[in-house]
Amino acid sequence: MAEQINKVCVIGAGTMGAGIAAQIANAGVPVLLLDIVKDGEANRNAIAEGAVAKMLKADPAPFMTKSAAKLVETGNIDDHLDRIAECDWVVEAIVERLDIKQKLYARIAGVKKAGTAVSSNTSTIPLENLVDGMDEQFRRDFLITHFFNPPRYMRLVEVVRGKATDAATADKVSDFLDRKMGKTVVAAKDTPGFIANRIGTYWLALAVNAAMDQGITVEEADAIGGRPMGVPKTGIFGLLDLIGIDLMPLLSQSLSSTLPQGDPYFDTVRDMPLIEKMIADGFTGRKGKGGFYTLKKATGGGREKYAIDLESGEYRAARPASVPKHAQKDLTALVSLDGKIGRYAWELLGHVLSYSAMLVGEAADNVVAIDDAMKLGYNWKHGPFELIDRLGPGYLAKRLREEGRDVPKILDVAGDRPFYRIEDGKRQYLTAEGEYRDIVRPEGVLLLEDIKLASKPLAKNGSAAIWDIGDGVLALEFTAKMNALDEQVMKMIGKAIGMVRDGRKALVIYNEGSNFSVGANLGLAMFAVNIAAWSEIDKLIRAGQDAYKALKYAPFPVVSAPAGLALGGGCEILMHSDAVQAHAETYTGLVECGVGLVPGWGGNGEYLSRLMNSPKMPRGPMPALSKAFETISTAQVAKSAAQAKEMAFLRPDDVITMNRDRLLADAKAKALSLVDGYTPPEKPVYRLPGDTGRAAVDLAVSDFHKKGVATDYDTVVAKRLAHVLTGGDTDMQDEVSEDQLLKLEREAFMECVRDPRTQARVEHMLETGKPLRN
């Protein structure tokens, strides 16, 4: 294990530097954030302090919890630079000017300890230029750590080591980035733009130029160069709006000043009057007045989407654009289409993929690093070499030759062979020498996608599967769209419990989708509603309650490992597990009231238990009940795993994994740690206030209604929830069992689902993805 980093200094409190400091604080590590002293400002720390204050108000939030901000100490480089001596790593994130960076490095060298790592967040300046003139010790301690914006949410960090960089120092920083900050570290070579920005900037400039040259609209460009190529739904021009159109000339200028003459990137550099005018007029994208797309008020209310005409520069109503269905998943068919769709697709793929292939050995050692950089840095679904495999390496090389263009050496090495293959249950990549090598995961990384290459599921149906992940541990995987939960999942829970009972040790609930689970399959529920199949809905609620209770009281440990959304029934699974090993970016909550329902799979009782047993909660039944009612009735969602702990969706001793790739291995280790001496939990007994407590809650609901905070139907749902949480027709002298509470929950759920106003809310949510106020 590399030497520990216990404190970090970040110099530069702009968007990137402040965001990096916030993510270090999210990791639970103290960080010193420094910037210059602002002229004429009485508060010498104003810039750094202002950055922290701004981040506390930002959405999406750089901090995972507001308490994380307490780990950021602010200062300035005139008064506090000597405190670098307290730190194990210094991150420079100041203006992209070589002369200013080098002046700062000279000052840092005079105060830092030998062996303290210093890294730059530069996006384009080569490392050897940065350390030119610095002494040997500084060169040994120096590297580049190029983060992507926003630092909390973008997983990629490109790490560049110099000729003199000490391996142990670089390993220490890389390990911290991986385990503590949750980043995927990609080794890049010391070349201009490194990997992702070099390819990404070329791709975006090429896409804009080609659209203008070929008379392609922004909507058509986004349809052709978007989803068929695995680009996020923003498409190309939508992505430029997102990252900021004013960034385009800055990146172009930076790369043009450092790339060697003859690089294909220079073919994209040209005067762009339209872009210059948009920037001058404040149309810089989403952060400005608009960009290639903008929203305008519609005559009938609401807002209408407009797109810019690339020829005239005028905005017009956005027009739908599409790609023929047969070409949406077949790249060869896409680039072979007659007309403008095929021409534009080939212009993008032919140039971008050949450029990426040219960079093997120059910008990165292998194709895996290039693919990872583009997938993690630009959110491409497929890396360049995965796209080449879809197109066919031989096809790409042949077509390039037919057009008289240079064919990168690695394409000739590949011939008709793919860049990736599966051999003996392992994924391999093709090297520049023409040999296949196994893709080796870092120590402590276990991925279900790798397990699937070498084995088959022990059981499977349309919504879930069970996998053996070794050492007597099984993994239950949800597989439906958005990992929604249905009767098939409940059946697979029962099967998994039986399999673990039969000679195995523990169960982990985990998947590698974008979301752990969005909750119950509301589409199926609405189908049952439409045919008045009330008994089927009641059957599903009972099946869910029984399955979750079986998990809770199984004679072995059950560990849930969520990432992404864990909503409604997904949240309830977490609360019925013995432990949760949560990815840091887990967003969880009981959201059913938002669509007019009451949680029906045991979440009310589980949440009440946690609050009642919390040492932070005042004694007596009402404080915990009031907090549970407030949280559930307003469908509050934790915006991180750390916040989920604060809100009691997770227990204080549940564990957070920062790196998504380490989640399954950590969950498996947690499950095995619970095996020896395991006993299921005792069944809870609730003392709830009944009619007295319900009257108090109903009074609060009526007050919210009078203030206009709650609609008429919100009050109806809230009172049904209050009936459950207060224990129904009981009083403080009675004990309410878990089964009694579940019965109240079922009854309240069925009352809600029969109500036409709930049905309208659910249908609206399914159609628009947004809640309906009715």
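Reply: What follows starts with the ring pairs and then moves on to charges over rings, helices and the backbone.

The model is predicted. A pair of aromatic rings is described by the distance of the centres and the angle of the planes. A search of the whole structure finds 13 aromatic pairs. In one of them, the rings of Tyr105 and Phe138 have centres 5.6 Å apart and planes at 35°, so this pair is tilted. An angle under 30 degrees would count as stacked and one over 60 as edge-to-face, so 35° falls in the tilted class. The two residues come from distant parts of the chain: Tyr105 belongs to helix 3 (residues 98–109) and Phe138 to helix 5 (residues 136–141), 33 residues apart. Tyr105 and Phe138 are both buried. Ring pairs also bring in Phe142, which forms a cluster with Tyr105 and Phe138.

A second pair joins Phe478 and Phe516. Their ring centres are 5.6 Å apart, and their planes stand at 65°, so the pair is edge-to-face. Phe478 is in strand 17 (residues 473–478), while Phe516 is in the loop between strand 18 (506–510) and helix 20 (522–530), so the pair ties together parts that are 38 residues apart in sequence. Phe478 has 2% relative accessibility and counts as buried. Phe516 is buried as well, with a relative accessible area of 1%.

Lys305 lies over the face of Tyr293, at 4.3 Å from the ring centre. Arg427 is placed over the face of Tyr420, at 4.2 Å from the ring centre.

Next come the helices. Two packed helices are described by the angle between their axes and the distance between the axes. For helix 28 (residues 712–725) and helix 29 (residues 738–754), the axes come within 8 Å and cross at roughly 165°. That angle makes helix 28 roughly antiparallel to helix 29. The crossing of helix 28 past helix 29 is right-handed. On the side of helix 28, the contact is made by Tyr713, Arg720, His723 and Val724. On the side of helix 29, the contact residues are Leu741, Leu744, Glu745, Ala748, Glu751 and Cys752.

Helix 9 (residues 235–243) has seven of its nine residues buried, so it is largely enclosed by the rest of the structure. The buried residues are Gly235, Ile236, Phe237, Gly238, Leu239, Leu240 and Asp241. They pack against helix 7 (196–214), helix 8 (218–224), helix 10 (247–258), strand 9 (293–297) and helix 13 (340–358). Just after helix 9, Gly244 takes a positive phi of about 110°.

The peptide bond from Asp59 to Pro60 is cis, with omega near 5°, and Pro60 sits in the loop between helix 2 (46–57) and strand 3 (72–76). The bond from Asn149 to Pro150 is cis too, with omega near 0°. Pro150 is in the loop between strand 6 (142–147) and strand 7 (156–161).

Asn483 is not a glycine, yet has a positive phi of about 55°. Asn483 is located in the loop between strand 17 and helix 19 (487–501), and at 7% relative accessibility this residue counts as buried. Ala635, also not a glycine, has a positive phi of about 55°. Ala635 is found in the loop between helix 24 (621–633) and helix 25 (641–646).

Definitions and conventions: Residues are numbered from 1 along each chain as its sequence is written. This is a predicted model: local features need pLDDT of at least 70, side-chain atom pairs count only at pLDDT 80 or more; totals for chains, interfaces and linings use all residues. Side-chain values use heavy atoms; hydrogens and water are left out. Rings of Phe, Tyr and Trp (its six-membered ring) pair if their centres lie within 6.5 Å; planes under 30 degrees apart count as stacked, over 60 as edge-to-face and the rest as tilted. Helices (H or I, at least four residues) and strands (E, at least two) are DSSP runs, numbered from the N terminus. Buried means under 20% relative accessible area, exposed over 50%, partly exposed in between (1.4 Å probe, protein chains only). A charge sits over a ring if NZ of Lys or CZ of Arg is within 6 Å of the ring centre and within 35 degrees of the ring normal. Axes are lines fitted to C-alpha atoms, for helices over the stretch in contact, and angles run from 0 to 180 degrees between N-to-C directions. Angles under 35 degrees count as roughly parallel, over 145 as roughly antiparallel, 65 to 115 as roughly perpendicular and the rest as oblique. A crossing is left-handed if the near helix is turned anticlockwise from the far one by less than a right angle, and right-handed if clockwise. Contact means heavy atoms within 4.5 Å.
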